[in-house]
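Please study the model shown below.

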Protein chains: 2
Amino acid sequence: MSLQDKFSRLGTDNAPGQEVRQNTGELRDLMRGNIVAGKLVDFSHGDVDAFTPTPRSFELFADGVRRGGRQAYTEYRGASAIREGLADKLAAFTGAPIDAVNGTILTPGTQGALFLAVASTVARGDKVAIVQPDYFANRKLVEFFEGEMVPVRLDYMKSDRESGLDLGQLEDAFRQGARVFVFSNPNNPAGAVYSKNEIRQIADLAGKYGVTVIADQLYSRLRYADGAYTHLRASGIDPGNIITIMGPSKTESLSGYRLGVAFGAPELIGRMEKLQAIVSLRAAGYSQAVLQTWFSEPEGWMDERIRLHQIIRDDLLKVLRAAKGIEARTPQAGSYLFPRLPDLAIGAADFVRILRLQANVIVTPGSEFGPHSANSVRLNFSQDRAAAVAAVKRLVEIVERYRA
Amino acid sequence: MSLQDKFSRLGTDNAPGQEVRQNTGELRDLMRGNIVAGKLVDFSHGDVDAFTPTPRSFELFADGVRRGGRQAYTEYRGASAIREGLADKLAAFTGAPIDAVNGTILTPGTQGALFLAVASTVARGDKVAIVQPDYFANRKLVEFFEGEMVPVRLDYMKSDRESGLDLGQLEDAFRQGARVFVFSNPNNPAGAVYSKNEIRQIADLAGKYGVTVIADQLYSRLRYADGAYTHLRASGIDPGNIITIMGPSKTESLSGYRLGVAFGAPELIGRMEKLQAIVSLRAAGYSQAVLQTWFSEPEGWMDERIRLHQIIRDDLLKVLRAAKGIEARTPQAGSYLFPRLPDLAIGAADFVRILRLQANVIVTPGSEFGPHSANSVRLNFSQDRAAAVAAVKRLVEIVERYRA
């Protein structure tokens, strides 16, 4: 594949935060009606001014700066003391042991971990099972490394108690030769959590076919009432065949520090470190110190954060479901809603741009997450409650205006 | 190439800062004599406790945190206001205009920029001209992307007034089909600065053969007395065929924030941003704010920093040159010394490990930088002056002890 082809497939025009680079001149001809005034809400990512970073995060960063060289220059995989502390907490959280010395790596965001994990497992021509819909980078990473994507359907509208993964398709993918499976749990964009039964079956199938699994559990702490969660790494899977990825960018609002962590199979973590040495060297040394707040938040802080997100989730679902033809699953975890819109008189991409220009509402187009979800949009509802409710009302108004 | 082969070539055992992961048990049999006591000096990187970060860097970071979401979530290529400010300063410094909107990208360190630049220009099987010796990641990046390295010799011992690049070999490389040339100026590890004549010839050859050049100018601000410096991007090269990389991690001691910048050809910068979106998303948002200190340091601050480094450089050169058989070039810029050691009774890799164990001195083995410099070691002399002088005296003592 030529570099030109390769990079033309790596489009970021519709990626979160990139709207400012779009040319929107040609949309004027399609527009109906006037501006629907309201405060800008950018649902493409969480609002860290509404849900602020973990208490003491900045103080720990400042301590890191004061520590100087020891904190600035760590091993490429991250400061060993910080990784040790994390390994204990993450083992307790996920329910299976972690090799702190050889089985952990700190990365610049979970994006960094995902990149390194895919690079360490997918060679040119390798088949990789990818869920549709799922986080857009999964597909792009497989394409970048010239792997072959084998799609597996997620029927996330079927039930609110499981993810809806088509396990028959997953086994077909493995039978066809997929050697790597990348998926997010809770699913990004749908907020679907994989049931205990689904996770057990994924573990069994991975074992049966010798598949390496990259489990992106970025949102696995933000779980709503009765939100059972099963960690794949503690479900009987071969520990040498799984990498789990987490990070404090979302629920904990620490995205500005760019921190992620991957843990699991030492051989793969070793590869990831070697690659990180030529990709970015290490997660920013001073930022690493902030990870000391993680899983050590003040008593009750996380519960309160979850409670507030659940209120917003329910507010927005009520507004969306009151509109004719808008369908939405109740997410059991995370801060994404992924409503499916009714048929519109304009294309899905134009709708998203017009929504921004006419209603001051930014959402991420569903087409980013897979080929079958172009009629959906993703909203990160980690926002100011009142502003988010008003913005979703404007979204509904724009839907009405452009209804087919 | 299998992933196993690929990653086995990406060794980091001897990379700076990775010493803690080495198994050194088998060295005991080789050792002669006792410990030479002295304070640990880690010459594998600069000591940011001896030369502290730019004034106001932390305050600007803190302002970034206070700014909240706007600073945490920037475009993938970095906050536009910060890139605009930088473009003006970097254009003034390098002597050629910069397209702030489309021709700049902020990255997690210059390592991040180098990775993205090579990924954006080198496809599988592409020939890439690489200087020997040069920064070790250049070679590793070409190998990772399965390009074919065409080596070009740098005879850095020949003169202190030019780099000693073999321009005949460079043209041969281009004639053989190399379409990309990656090099550092000043050279890492030798501290050699390319003369005006050399840079002009590189520009001419790149134009003649349509070669894209990635110029790593990380150390181009730390120039000693009479240190003339010629910027390739202002030397008649096609602006569409050059990416220049700089960053504040070294001279300015801001490595703990992980910041770099690449500027030049908009098409290539566009590719780099697309790739960054799946590699690390962006340079840490809050860290980006620190770049406002860059090229805006207090009056006289940089001059004083250069003056102090020159004193240490000259101190260390005096100690090294007093030892029989140690040769060293005077670096015109940067903070690296790359002395060539006499023949020893132990292998070069063992010498480096023994030096650490017996003398508390960490250096980077010359073999990291190319196949012809195994008898050299690299020292980053951005250190406490007295500690560095004492450490180099211990290095000389260990050389004497193991002389062949």
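Which residue of S12(B) is the bridge partner of B:Pro365? It is B:Val377. The structure is a predicted model, in which local features need pLDDT of at least 70, side-chain atom pairs count only at pLDDT 80 or more, and totals for chains, interfaces and linings use all residues. Residues are numbered from 1 along each chain as its sequence is written, while chains are lettered from A and ligands numbered from 1 in the order in which they are written.

The pair B:Pro365 and B:Val377 belongs to the link between S11(B) and strand S12 (residues 377-380) of chain B, which run antiparallel and are joined by 2 bridges. Strands (E, at least two residues) and helices (H or I, at least four residues) are DSSP runs, numbered from the N terminus, and two strands pair if DSSP finds at least two bridges between them. In chain B the order S9-S12-S11 forms an open sheet of 3 strands with antiparallel pairing. Strand S9 (336-337) and strand S11 (364-365) of chain B are at the edges with a single partner strand each, so one side of each has no neighbour in the sheet.

Chain A consists of domain 1 (3-52 + 300-402) and domain 2 (69-293), with bounds that come from an automatic or database domain assignment. The C-alpha centres of domain 1 and domain 2 of chain A are 26 Å apart. Across the boundary, 30 residues of domain 1 of chain A are in contact with 31 residues of domain 2 of chain A; contact requires that the C-beta atoms of two residues, placed from the backbone, lie within 7 Å. On the side of domain 1 of chain A that touches domain 2 of chain A, the elements giving two or more residues are helix H1 (3-9), helix H11 (301-321) and strand S9 (336-337) of chain A. The largest share of that side, 5 residues, comes from H11(A).

Another region to follow is strand S6 (residues 212-216) of chain A, where 5 of its 5 residues are buried, that is, each has 20 or more other C-beta atoms within 10 Å of its own, with C-beta atoms placed from the backbone. In a regular strand the side chains alternate between the two faces of the sheet. A:Thr212, A:Ile214 and A:Asp216 point one way from S6(A), whereas A:Val213 and A:Ala215 point the other way. Strand S5 (residues 180-184) of chain A runs parallel to S6(A) and is joined to S6(A) by 5 bridges; within this pairing, A:Val182 stands opposite A:Ile214. From S5(A), the chain passes through helix H8 (residues 196-209) of chain A to S6(A) in a right-handed β-α-β crossover, meaning that, with the strands pointing away from the viewer, the path from the first strand over the helix to the second runs clockwise. S6(A) also pairs in the parallel sense with strand S7 (residues 242-246) of chain A over 4 bridges, and A:Val213 stands opposite A:Ile242.

Finally, the two chains meet: 51 residues of chain A are in contact with 51 residues of chain B. On the side of chain A that touches chain B, H9(A) gives the most, with 7 residues.

Conventions:
A residue is buried if 20 or more other C-beta atoms lie within 10 Å of its own, exposed if 12 or fewer, and partly exposed in between; C-beta atoms are placed from the backbone.
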